[in-house]
Amino acid sequence: MHPPERVAEVLGLVAAGWNNLQISRATGIPYSTVRRWRCGELPSSARPREGAGGWHGRSPPCPICQEGSLDEAAYAYLLGLYLGDGHIVRQPRTTVLCIVQDARCPDLIRLAARTLERVRGGRTRAGAVPKTGCVEVCAWWKHWPCLFPQHGPGRKHERAIVLRDWQRALVRRYPRQLLRGLLHSDGCRTVNRVQRRRYAYPRYFFRNRSEDILRIFEETCDAVGIRHRRSRPDTVAVSRRDDVATLDRFVGPKS
């Protein structure tokens with residue numbers, strides 16, 4: 001029997017406009033089961049209790065508004081992914097946190113899914129749905145807005161993105177995880193080839209349209225002791241050999 005959280009996950013995707021095949025592939029729920037749930041044929045375990053006003057079943061307590069625990073290292077990495085290329089969608093009964101990753105990077109897709117599950121408390125699986133050139137990795141939980149108070153209407157570069165005091169304290173403890181998440185979403189590692197001098201050297205770039213997010217990246221680089229510069233108004237470059245080597249030790253390739 002499917003737990004109510006899994007049914008809520010499927011119904012959230014239905015509300016988001018996904019078709020039955022996409023939902024089946026993302027969640028592992030059989031196509032025929034998804035079709036029945038879409039038509040309202042829900043298992044008894046997932047039907048709202050009379051007078052309860054919602055889904056029953058256990059969900060991990062929120063570490064912000066309740067007394068739940070938080071995997072801080074995983075959260076710091078997920079915060080970087082969210083700031084780089086993530087968004088939250090509100091559904092009637094829950095919210096969905098979606099992280100977009102390049103379809104050519106299966107390792108990062110799997111890592112994003114595992115991280116969502118760790119921060120979520122291991123109570124549900126993350127789903128992944130292929131899009132054009134990318135994959136959207138999603139997890140369902142009504143407390144995502146508590147963990148990511150930067151969520152709001154409009155695009156991130158069109159509104160202020162400011163970390164809360166508890167987020168800043170956490171980032172001070174796990175700055176490398178935040179940088180790793182930022183670079184795994186909106187960053188890249190390239191090799192610059194100088195033809196006349198006949199040598200090549202690697203560089204990292206982080207690009208984002210939000211000045212606030214660029215500043216968060218720069219401040220976190222400063223905390224780790226990594227030198228950087230603006231190569232363009234929307235791009236931060238790390239080019240010095242020892243700084244690139246430092247990033248290589250904990251960021252790794254995008255694959």
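Contact is taken here to mean heavy atoms within 4.5 Å, and helices (H or I, at least four residues) and strands (E, at least two) are DSSP runs, numbered from the N terminus. The model is a predicted one, in which local features need pLDDT of at least 70 and side-chain atom pairs count only at pLDDT 80 or more, whereas totals for chains, interfaces and linings use all residues. Residues are numbered from 1 along each chain as its sequence is written, and side-chain values use heavy atoms, with hydrogens and water left out.

In the contact between helices α4 and α7, E72, Y75, A76 and L79 of α4 meet W166, Q167, L170, V171 and R173 of α7. By class, this contact of α4 with α7 comprises six nonpolar, one polar and two charged residues (Ala, Val, Leu, Ile, Met, Phe, Trp, Tyr, Cys and Pro count as nonpolar, Asp, Glu, Lys and Arg as charged, and the others, Gly among them, as polar). The axes of α4 (residues 72-85) and α7 (residues 165-173) come within 10 Å and cross at roughly 105 degrees, which makes α4 roughly perpendicular to α7 (65 to 115 degrees, where under 35 is roughly parallel, over 145 roughly antiparallel and the rest oblique). Axes are lines fitted to C-alpha atoms, for helices over the stretch in contact, and angles run from 0 to 180 degrees between N-to-C directions.

An open sheet is formed by four strands in the order β5-β6-β8-β7, with antiparallel pairing; two strands pair if DSSP finds at least two bridges between them. Strands β5 (187-194) and β7 (229-232) stand at the edges with a single partner strand each, so one side of each is left without a neighbour in the sheet. Strands β6 (residues 199-207) and β8 (residues 235-238) pair in the antiparallel sense over four bridges, and T235 in β8 is the bridge partner of R207. Helix α8 (residues 175-186) packs on the sheet, where α8 touches β5 and β6, and its direction makes about 95 degrees with that of β6.
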